[in-house]
Structure formats: C-alpha cells, structure tokens
Amino acid sequence: MKNKLVLGLAIFGMLLNSCTTDDTADIIINDNSVTNNNGGNNNNDVILLSGTYTEDLTLDSNNTYKIDGALIMTSGTTLTIPAGMVIEAVASGSDVYIAISSGAQIIANGTANNPIILTSDSAAPQAGDWGGLILLGDAPINSVTGAATATSEIASLPYGGTDATDNSGSLRYLRVQYSGGSADGQSENNGVSFYGVGNGTTVEYIQVFEGKDDGVEFFGGTVNVDFVSVVNAQDDSIDWTEGYSGTITNAHVLHGPEHDKGIEADGYNTDIGNNSNPIFWSKPTVTNLTIIGNGSSTGNEAIRLRAGTQGIFTNVLLDGFAEGFDLDGDAGATSDNPTGTGVLNGDLSVTDITFTDVTLQVKNDTGETFANSEFLSGIGNATGTDFASWGADWTVGNN
Amino acid sequence: MKRLQLLFILFITATSFAQNTGSIVGKLTDKEYNNEPLPFANILIKGTTTGTTSDIDGLYKFEDLEVGSYTIVFSFVGYETQEIKAEVIAGKITPINIALGASAATLDEVVIKTTTRKESEAALLLDQKKAVEIKQSIGAVELARKGVSNAAGAVAKISGVSKQEGSSNVYVRGLGDRYLNTTMNGLSLPSNDVNKKNIDLNLFSSDIIENVSISKAYSSRFYGDFSAGNVDITSKDYKGNGFFDFNVGSSVNTNSADKTFFRSEGTSYFGFYNRYDNNPFAVVLSHGFDPQQADTPIDITFGGAFGKSFDFENGSRLSFYATGSFENGYEYRRGSNVDYTNVEKKAFEDAEEFEYSTKTTAMASINYKIDDTNSLKFNSLFINNASDKVGYFGIDGNGRNRDAILNTDEGFYQMNVQFNQNLIYVNQLTGRHRFNEGKYNLDWGVGYNVVNAHEPDRKRISVENYQFALDNDASTLPTFYSNVVFDNQRYFQNINDDELNSRLNLAYTINETVKLNLGYAGKTKERQFDNIRYGYDIVNANTPINNVNDLNSIFTLENLNIGNSTDGLYELKVINAYPGLSNTNRPGSAENTYNGNLNVYAGYANAEITLNDKWLFVPGIRVEGIDQQIAYDVINLGAAGNSSVVSNETVFLASLSVKYSLNEDQNLRFSASQTISLPEFKEVAPFVYESISQRIGGNPDLLGTQDGINYTNVNDVSYSKILNLDLKYEWFISKNEILSVGAFYKQIKDPVNQVVAFDATGTQRFFRTGEQAEILGFEAELRKNIIIDDETEDAKLSTGFNFTYMHTQQDLYESIIGTYSVSFNKDEEELQGASPIIVNADISYSPTFGNYKPTANLIFSYFSDRIDALGSGQLGNVIEKGIPTLDFILKNKLNSKMELNFGIKNILNPTIQYLREGTSVGDVLVTSPNGKDVTDYKRGLNVGLQFKYKF
C-alpha cells in the first residue's frame, strides 16, 4: 500500500511590505515504508566503527561491526578484516566510509567461499546508501611535482609521492555493495578508490556491486589489480586519472539500466594539470577485459580515453554499445591533451579486440588523424576475460 | 594669523530703543552650495567682542548699534573670511547680504567640525589639505554632478581606485576587498555578503552620503587590519530648519528593454521573500521549480528626504533627518559560461541571464546639539538589497560537458534560478564634547550592526540532449542529467552577522605645537552560517522532459517516489540526514555550518606636533589584541570536518606621518606604517560554495598550523604583516584646483591568494602562497579649471584626471602542503587583483543662461587587465580584461525647486571578459566566481531621466 505525504493547511503570512504570500504547506509524514535510521544503537551486540584510528584495528570474527561514520586509519596503522566478515554501513549517504591513509594498511583477505562483504545496513538497500572503501598511498601521481602531495576528493586526505612500491595492504575476495553516496554537491564516493596506491599492494578478486558512482577509480599510483568485477555502477565502472600506471588483468564490467562509461580514462587531473617532471601520463596495461552494455540501440559508449591518457589494451571484448572507443584530445605532442599522439607513437593501442553489437568502433576527437588500424589490431580475435570461471562463488549480480 | 572663534552671544532686545542707534541685518549665502542660506556662520564686529551667528535661514542682525562706521567680519569654517565696512545710521537698518565662498587660504584651527559642510568639492579639498594624513574625499555635490548614485561609484572617482565591473568589488591601488576596510561615521560596517569583508558600497545611495573618503595611509586611529585604504562614509547630517524633497526617475537599458523578463517564484517586486520561517523541505515540496514572468523591464527610482530642527530656549537644537528610497534595475546578459582548466570541462557558448535587482534604503538621524560644546547624534540605517537571477545556459542546444553521459558534444543545458536577499541594520550613537575651551575634545561612538543574508531556494536543473527541445520532433526529448543527485537541486543558505563596536578618542591640545590623541577602539563580531540542499535523484536516468519550461508538472508530489515503489519519477536526497531519519524523502540537517568570531580591542596614542608652521609630525602607536576563532562542521572533510581553529595575537603597530608645507598652497607628505591583514571568515571556513561552473572554498590553515600535522610551507601566522610607505606632493592651485603626485610602496608578508587547490575537484581555495608580495606605485591627480566665469569666479569648463601605475610582484612557494595542498611551477607572479594602470577622468561644462544653469559632465574610467585568479601547477592565470567606462550626465536645474536630469551610462558598452591564459589552445574565455555567471557579455547602455522637487 502506497502512503502519501499529506499536506497540511497553508498558513498565510505577510512580511513587511512584501506582496508575496507564504503558502508553504506544513509537512506531515505518514509514509512508514522508508526505513529510518535509528543509529543502530538499539542492538548491543553491534560494535560501531567510526573515527580516526591511530592504532591498529583488528576485527574479531566473533563480533558484529557496523560503520556509522568516517573510519580513518592513520599512517602506520593496519586495519585487519577476517575472511567471511560482513560489515554493514549505516545507510545515511555521506561521510560513512573507510579510508586507509597513506602509510596505513588494510588486510582484508577473504576466500572464494568466504568473501568479505562491505554493504548497506538498509533493509531495502540502494546504490549510494553509504560511501565506500578508499585506499591512499605515496606512489607517484602526475598532478604534483616530485614528493608533493595532493588531497583526496573525499575527506581531503593527502596522497601521492615517490614510492612506486608503496604497500597499502591486501584486498582479496572483497565485495563492496551499495556504495557511492554523495560527499558534496559534486563529489561522490566510488566503490573502491585507489589514490596513489603502489604496486607493493595486493589487490585481487574484488567486486563492486550497485554503486552510485564509479566502480573502481585510480588516482595515479602503480597498483596492480587482478580479477575485478563491476556490476551496475551508475557512473563509470572503471576510471583512471592522474598518471595511473599499474596493470588491470581480468576485468569484467556489466552495465545496469543506469550507467555511464565502461571505462573513463584521463591522462591527468584536468582540474589541476599535469605537473609531473619529467612528464608522464596515465598508462596502465589492461589485459583480458569484457564490458557488457545494454545494446547498441541504447546509445552510450564503452571506453572513453581522454586528456592524453595512454594505455596498452590486450584482449578486449565490447558488447552492446553505440560507440566502442571515444578518444578526446588536442593536436600536437606538446599540447596539454596529446591523446592522439599516444596512438601515433604506439603508447595507446589495442591488440585483439572483438566488437559485438557495436555501431561505431572508434570516434576520434583527438585532433590527430590516424586510421583505425593504427589503434586497433586483431579485430575479432578477442574473447575477453573468463569471468565464468574466476567469478564463480564469491560474486553476485552477473545473471 | 587668523583665528576662528565661534561665539554664541544672544542679544536680548529688551533694552530701551533709542534714536541714536541703528542696526545691521542681512543674509549669508553659500557660494559653494547653490547660494543656499549659510547657517552658523560667524559675524563679528571688528575690534569688539560683539558677534553673532547666522540662523538657519542665513539671517543675522545686530541691533542697538551706536551710529558710526563698523567693519563686519564674516567667517565660516573652510570658507574665505570677508570684511565689509558698514555705516550705521540712526533709526535705520543697514542691509548687508553676502555670499561666502570656500577659502584657498590656510586656517590654523578648525574649531567646530560639525558645522563644516563637507559636501562641496572645494570644502573637501580644503579638508584634504588640512588633513594630517593622506586622504581623499568625494562629496555630495561632486557625486550629484557626476551622476553617481551610490558610494561604490563615488570611490571609483578617486585616484587609484577601480571597481570590478559586474560586482561590488572595489580596488584601491589594485588591492581588493581583503585589504580594505569600510566604516560609517568612523564605526565599522558589516559586510552584506558571505564572500566579502566589506559591505557593497552600491548599497549606499547618494541621498544618505554627505561624503565618502578614502584614507590611503594608515593612522593609528584606524583598525590595524588596513593596507590599501579605509573607506569612510559620512552619513548626511542635517541641521537646517526644515525641508522636504522628493525625486522620481526612470531609465531603460538597451539590452533589457525588449526582453521578456523572468524572476523567481515567491519573491516580491520590492525584493522581499517570506518563507524563511518554513523548513526548507516544506518549501521544496510546496513550491515549484519554474521561474515566473517579471514586469516590463523599466527601471524605477523614487525617494524623498525630510529634515526639521527645533531650537530650545537654552540654546540647544534638535535636528531630524530622514530619507527613504527605492530603486530597481533590470539587467540582461547574453554571453557564454565556460569552465576551462587544462581541458574544456563544460561550455555553454550561448547563455543568458536575467537579473532583477532592488534596493530599499531608509535612514533616520537625530542630531542633538546640547550646547556649544556638546552634541549627540543617533543614526539608524536599514537596507534591503535583493537580486533575483534567472540563468539559462546552453540555450542554443550546443552546450558541452565532458562528463555528460549521453552526449558530450551537444545538448548540455542548465538553468539556475537564484534569489539573494540582504537585510542590513546599522545603528550608531556618537557624541562630541569640548572641555576647557577646546583644550580637550572627546569623540566617541558605539554601533550595533546586524546583517541577515539569505539565499533561499536556489534552483538548479541539468539537462542532456537539450537540442531535442528545440526541434519540433515530439519523438525526441531531452532528459535529466543526473550524474550526482545534486545535479538537480534546491539550495538554501543563511548568514547572520552581529557586530558591536565602539570608539573613543580624547584629543588634548597641550600647547600651540603639540596635540595629543589617546583612544580606544573595540569590536566584537560574530557570524553564523548554515546551508542545506536537497537533490533530485531521478529514478529513471532517461526520464523525458516534455517541456523544459514546465518542470512543475514533473516535480509534483504525486511523482515523488515513496518507499520501495518504483512508479515515482524522483526522490529527494539530503546530505546530512536528520538524526533518526533517512536521507531520502525526509527533511535533513544542515549540510555545513560555521561560526566565526572576531574580537579586536585596541588602544592607541598619537601626537600632532607642529614645528615652525612648516612641519607637522604625527607619530603614533597602536596596540591591538586580536582573537580570531572559527568553528565549523562541514561535509567531505572526514574527521577534520568538525573542528575549530583559534588564534590570539597581540600586535604593535607604529606609524609616522610627516607633512611639510612648502608654502601656503603646497604640501609634501611622507608616511610610514606597519599594518596587518586578517583573513576573512569565508577564506578560513572550509565550506565550498558551488556556482554554476565554479567551486570556491576556505582554508583553515590561514589561521596558522595545528599540532600533530606535517606541513610544508605553511607558516604559523594568522595575519599578513604589511609595511606601507607613501610620499606625496600636493599643490592646491586654487580653491577647487589641485595637482598632486605621489609614490607608494607596500610589502606584504604571507599574502593570501585565491588558487585552484590540488584536491581532485578543482576547487578554488585561499592560500598564503609565498613569503611576500611587493607593490611599487606612482599616482598623479590634476583638477583644473579651463574657463572661469568672470562674475561668479566659478569654473565654466573644468576637468579632472587621475592616473595610477603600479608594479607588483610576489614570490610563490614551489609547493604548499597542509589541510589542502597546491604547487606552482613558477616562482613569482604579479599580485592578484592589481591592475598596472588605472585612469579616471572627467570634464564638466556649466554655462549660465540667466537663471538657467545646466551642467554637462562626461566621466571616464579605465583599468587595465589584471589577474583574477592565480594559476597553480600547470594552470594559467585567469585574467579579467580591462575595460573603459564612459558616462554622460546632464543636470538641469530648472529653478530653485525643480531639477530635471538626464543621463546615459556605459556609452562605450565594452565587452566584459575573463580569460584563462596559456592553455594548449591559447587564451580561452571562462567564467569567474568573482564575476557574473555569464562571461563575454555587454551590459548595454542605461538611458534615464530623473526629476527632483524640493519644497
């Protein structure tokens, strides 16, 4: 039964010599169908987690935990989550997230049969119910020069540095659900955000399910990730910027009804500029990638490459898009956005690609002229990633 | 050496009338003020102690004078003293009517300042000449002549001062808001805008101004938070015997005249809004999105003033003055709105904005002249200032957004409907007392100010594929853009400022050569800020919009998606849920709040030392205790978001000013001082304001460092220390002619600049960007008569010109790491906001045709290109392009009661532009948070008529 908001009687008032009338109605809420937060305090067995931790935090598999605010691990501390643990987060949107500061670590090693799940506490969970998981490190980013740092979009925590081997811990068999709550009028949390995270970090078998914003986003850094699944991300499923240069191996993206791009990639943060010296651009190595859209008739594009990003793609399967690749940039190797130069130099290329139900393979807005064959090779040779085998047991939502 | 004295000798005419006496009667008029009666002038019979003063009508009389010859001395402060020989004949009345004009000669002592009419240019020039500090003023007469309607226009006519077009920002010698102070009658004024330290001078219409002065050199009686200048508005002070006048006027703008105007729903013609008492959530649910059609765009002004005085038998006098006015304006801007950093993020090449603004002013003052030596004044001012803006961005269907979901190449569109209302209340009580025949002078004042600044129910909508709204194909429709739930939003913001301030100055004239000033000043100011915002989460991303001008039919209560159903179209989201409630479809808690406190307590002493009539030295010292505190609870700053910063400082500020009189008409001045610059609340509070394409926020590091955090290049200081040096030569050629040249130097330690922070979203924030900034400048001013009327000795044709040239330079840290971080890839830059060249010029022609005396004025001003926002990292600077302004004003005084004035403003109609420099595609037009939401637009010409009638 659908309840209605019943509006009470309007009260008219006059203010000064104003000609306006205040016909604003009173609010009477008769709608009991929404689960209101009661702060989770009524259950004495639940341990609430939030605040800034300056010591290690090891969660006990015998306890039940709930995140009710920003949980920030400061440099030098470690957050350890045991296999099989489900941690709920209060579904209040903003400022409910886990942040692993630069110099801190997270050890969250689940197993295929006992994955770790971070999810909403709502009985009727929705994307954006809570923030998400944020890892920060001191691996290189190109938005700053040398050892300087930038501050994160969420929580304004510092990240970036010179240590490509930065180790922010280990994520294995981890699922993040219903994340992506708005942090302000422009910023939203992602599923998992990697800010300047280095390749000393272990990331394999992670899934982001029903996220309001991006699934996985890389702000610079060198972290390597294997076996990534993103399902129903409402913004971009995989996003990189600020000179990210790790490897993404075996990634599977499935679009829901509301979505943006499969991959949105920037060579640098265009708000700030590419301030690296010597200059470098995002250049990840992406191997075994499948992106499944809603069909070419729905419009949309699978992969947007812009702002000078480079990247070496191998074995890519795109299914159901109006556009396969859309490249943006400015002409000239010395321009601020030399995306096309990357194609001409071989720094941005795709080897083995299969388009299924894709209307336009490549849209070139880089200002440079090149043939599709200079960018794509081995058309029809790709099989994508073998998600059915590696995604078995621990993932959800792939049917 | 002449000495002015003011004697109140009341003649008792009860003495017996004898035939061997006669009398002298007459009327004094004011040459500087349209030959109106000159009250309170001194009339003395030379060689005697017999004297009187003229009354409110300028009338005086001497009765019962012995028959014989007399010399009558007429004098008035600031005016030339005249001696007239008179014969008194038995039983007869000898009439002597005389017009006094401003003096070009020096006066050594100004005894009673309150009777100086500081409205005329000549009187103000004299004041400037006499001043112990470097100061320039513009009075009501010149304001009227130049067609200046408010204080902002007034200060922009002073050398080295420029206004930022399309905003209230005033720059003195290239230094903006942060480096200025505004006072009224010497007491602090509040700011009407969260983004400003100073009040918008546009709010002070000319009918409440007696004069506006800018002191460019520091004196210890000013608050230490001073570097470029102190703007003081002296409110109109009426002491006459009664008048009433009114004026009506109307004008049209060439851009607006033919447009159908739009404004917010729920606001009134007079700029009021009355839903403040409602919970914003109720407002969102009860009222729609769509703007409404406004009235025909014809600007109107009307106002009146009234004055009356009462004399009491004991010699005291009570004067009332009240003025009220209303004016409105319609401005239409068509241009572009572009956000371009290193790439084009969002671009609307065709955008339009309608702005309907209103200003209601009321002021009442009561002046109580208790006796010759004591007076009190109470002044109460109310201003309601409102702006109603409706902006449509991407109206050609070609708007682009690189983060668009459906189409990044065309069809991005936004609408912004925004109403801002500022309610300002200023109350002041001031007093002056003379003791011991003027040996001691006590001046004091207390003020209480309140500002309520509201931005209620700002509405913003974002649409993709807007080109489908322009075609006639019903099968293709635009859809909502909903990347973030706040892409479609309603926003509410409130600011409340309270300030209590006071001043006290005791002047002690020790002897002819030394005068001592001892004083106290204090102010305590509190700001409370809060905002809340509701976002429209569109349930189905591809919800079609049948008519973008009818959003009310979409955002209905019926279409609210309640509970777990999916048959609604939208849900309302809030960032901070109300405790115990969901953040969906429920009223929420404030999104950001902050509470700022500034307490300043100061004591000072200075001495005015005169040596052999040539030298005047004024050494001074001021001690200030400054408490700054800001407590905030803001979103998206993690655990640091709910915090506070406190700073307590005591500063000692020394100043020295020296004046050397080369001769009667020429002075050489030198001044050196140490001052400070305090950060503003908005620069410190880490709250982010989001305009249509810009984000700007504060930085708590401006108040210094906190324990336990690692910083790079963040100094533990809470103010900028400033060294000021000034050298000036001035030659008062005649009573209304001047030539002056000057040079100045300023060194600002730890200067604050607005820069794009490295925080992944491109938010502009404030940083102490380097160790120091330096300014070296030169300025010159000339006011010259070209043709003089032989009879009246007034100028028929005259011209004024002033010019400022500045060189500025600041060093920049390579990188700054603190609460926020930023880097620079250059190590020095010009100062933000400083135009190297500023020019003001005017020419005035006033022929006489019998009683008909029109005045025609052509007024010009120009500032050269200046840095609007400093580029960080790879980003180039944003430059505000310099623009010239030319106005023509014709004042027609039809007779002594009626005046019909005509004006054309903004004759050159320049294009207002901001550019991002040095991108890979060259300079790119952008929008600035310091300007309007539209860039690359023309303001149009304003053509208007005004009628004034005085009873």
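In this predicted model, buried residues account for 53% of the 951 residues of chain B and for 59% of the 399 residues of chain A. Chain A may be taken first. Its secondary structure consists of 3 helices and 26 strands. The C-alpha trace of chain A extends over about 65 × 60 × 45 Å along its principal axes. Of the contacts in chain A with a separation of 6 or more, 70% are between residues 24 or more positions apart.

Strand E19 of chain A, residues 238–241, illustrates how a strand may be enclosed on both faces. On one side lie Ile238(A) and Trp240(A), on the other Asp239(A) and Thr241(A), and all of these are buried. E19(A) also has strand partners. Strand E17 of chain A, residues 216–219, runs parallel to E19(A) and is joined to it by 4 bridges. Within this pairing, Glu217(A) has Asp239(A) as its bridge partner. E19(A) is likewise paired in the parallel sense, over 3 bridges, with strand E21 of chain A, residues 263–266. Here Trp240(A) stands opposite Ala265(A).

In soluble globular proteins, nonpolar side chains tend to be buried together. The largest nonpolar core of this model has 242 residues, and those with the most contacts inside it are Ala99(A), Ile100(A), Ile134(A) and Leu135(A). Strand E24 of chain A, residues 311–328, gives the most to this core, namely 8 residues. Apart from this core lies another, of 15 residues, including Leu44(B), Phe62(B), Ile72(B) and Leu100(B). What is Ile134(A) in contact with, leaving aside its neighbours within four places in sequence? The contacts are Tyr97(A), Ile98(A), Ala99(A) and Ile100(A), together with Ser152(A), Ile154(A), Ser193(A) and Tyr195(A).

Chain B comprises 6 helices and 56 strands. Its radius of gyration is 30 Å, close to the 30 Å that the globule rule gives for 951 residues, so chain B is as compact as a globular protein of that length. Along the principal axes, the C-alpha trace of chain B spans about 110 × 60 × 50 Å. Of the contacts in chain B between residues at least 6 apart in sequence, 68% join residues at least 24 apart.

One sheet of chain B can be followed strand by strand. It is an open sheet of 4 strands in the order E4-E3-E6-E7, with antiparallel pairing. Strands E4 (51–53) and E7 (82–88) of chain B stand at the edges; each has a single partner strand, so one side of each is left without a neighbour in the sheet. On average, neighbouring strands of this sheet are turned by 25° against each other, direction ignored. Strand E3 of chain B, residues 42–45, pairs in the antiparallel sense with strand E6 of chain B, residues 68–75, over 4 bridges. In this pair, Asn42(B) has Ser75(B) in E6(B) as its bridge partner.

Definitions and conventions
Residues numbered from 1 in each chain as written. Chains lettered and ligands numbered in written order. Predicted model: local features only at pLDDT ≥ 70, side-chain atom pairs only at ≥ 80, totals over all residues. Core = buried A, V, L, I, M, F, W, Y, C linked by C-beta atoms within 7 Å. Buried ≥ 20, exposed ≤ 12 C-beta atoms within 10 Å, placed from the backbone. Helix = DSSP H or I, 4+ residues; strand = E, 2+ residues; numbered from the N terminus. Contact = placed C-beta atoms within 7 Å. Rg over C-alpha atoms; globule rule 2.2 N^0.38 Å. Pairing = 2+ DSSP bridges. Axes fitted to C-alpha atoms, helices over the stretch in contact; angles between N-to-C directions.
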